[in-house]
Amino acid sequence: MTRRPSLPGAAELFRLTSAPAAPEASAAEEAPQQRRGSGRTKHTTKITVYVSDEELLALEQARLALRAAHGLGVDRGRVVREAIAIVLDDLETHGDASLLVRRLREQ
């Protein structure tokens, strides 16, 4: 059994480490903090999600499109975590008018 160290990928090595300076805004004008996927960290909690063959294929195609068209080398878990963050943020912001509520009511 070989013990290889876990090394960061090129995206992590060449990422920006500081945010560009933004113009100062008053506290009343600040947008609510958007939820973000947890990215490449050690995750201590696991869930199992069953998907259809078509959903898995679409997820893999999205992952490959992110790499080919946008230069983002991410795994399927990262795509799923970002998608969850986006949907939960939309639910929190729009409530009854959120995409999640509308789509779940269609079923």
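Search the whole structure and you find three salt bridges, where a salt bridge is a side-chain nitrogen of Lys or Arg within 4 Å of a carboxyl oxygen of Asp or Glu. Before we visit them, a word on what you're looking at. This is a predicted model, in which local features need pLDDT of at least 70 and side-chain atom pairs count only at pLDDT 80 or more, while totals for chains, interfaces and linings use all residues. Residues are numbered from 1 along each chain as its sequence is written, and side-chain values use heavy atoms, with hydrogens and water left out.

Let's get the layout out of the way. The chain has four helices and zero strands, and reading along the sequence gives the pattern α-α-α-α. Helices (H or I, at least four residues) and strands (E, at least two) are DSSP runs, numbered from the N terminus. Of the 107 residues in the chain, 9% are buried. Here buried means under 20% relative accessible area, exposed means over 50%, and partly exposed is in between (1.4 Å probe, protein chains only). The chain exposes about 10,000 Å², and carbon and sulfur atoms supply 56% of that; accessible areas come from the Shrake-Rupley method with a 1.4 Å probe, and for residues only the protein chains shown count as cover. As for contacts (heavy atoms within 4.5 Å), take those in the chain with a separation of 6 or more: residues 24 or more positions apart account for 45% of them.

Now back to the salt bridges. Side chains of opposite charge can pair when their charged atoms come close. Because Glu60 lies in helix α2 and Arg76 in helix α3, the pair ties together parts that are 16 residues apart in sequence.

Arg63, at 17% relative accessibility, counts as buried. Arg76 is at 38%, so Arg76 counts as partly exposed.

Elsewhere, Asp96 and Arg105 make a salt bridge through their side chains at 2.7 Å, N to O. Asp96 is exposed at 51% relative accessible area, and Arg105 counts as exposed too, at 58%. Gly95 lies in the loop between α3 (76–94) and α4 (99–106). At 27% relative accessibility, Gly95 counts as partly exposed. Leave aside its neighbours within four places in sequence, and Gly95 is in contact with Asp90 and Val101.

Next, the pockets. Rolling a probe the size of a water molecule over the atoms shows where empty space is left. On a 1 Å grid over the protein atoms alone, a pocket is an open set of points with protein on both sides within 12 Å along at least five of seven lines, whereas a cavity is a set of points where a 1.4 Å probe fits but cannot get out; lining residues have an atom within 4 Å of a point. Grid points are joined across faces, edges and corners, and a volume is the space filled by probe spheres set on the points.

The largest pocket has a volume of about 980 Å³. Of its 18 lining residues, Ile47, Val49, Val51, Val80 and Ile84 are the closest to its centre. The elements giving two or more residues to this lining are α2 (53–70) and α3, with α3 giving the most, at eight residues. By class, the lining divides into eleven nonpolar, three polar and four charged residues. For these classes, Ala, Val, Leu, Ile, Met, Phe, Trp, Tyr, Cys and Pro count as nonpolar, Asp, Glu, Lys and Arg as charged, and the others, Gly among them, as polar.

The second largest pocket has a volume of about 350 Å³. Its lining includes Ala83, Ile84, Leu99 and Arg103, and α3 and α4 each supply at least two residues. Eight of the lining residues are nonpolar, one is polar and two are charged.

Ile84 and Arg36 are 48 residues apart in sequence and 8.8 Å apart in space, C-alpha to C-alpha.
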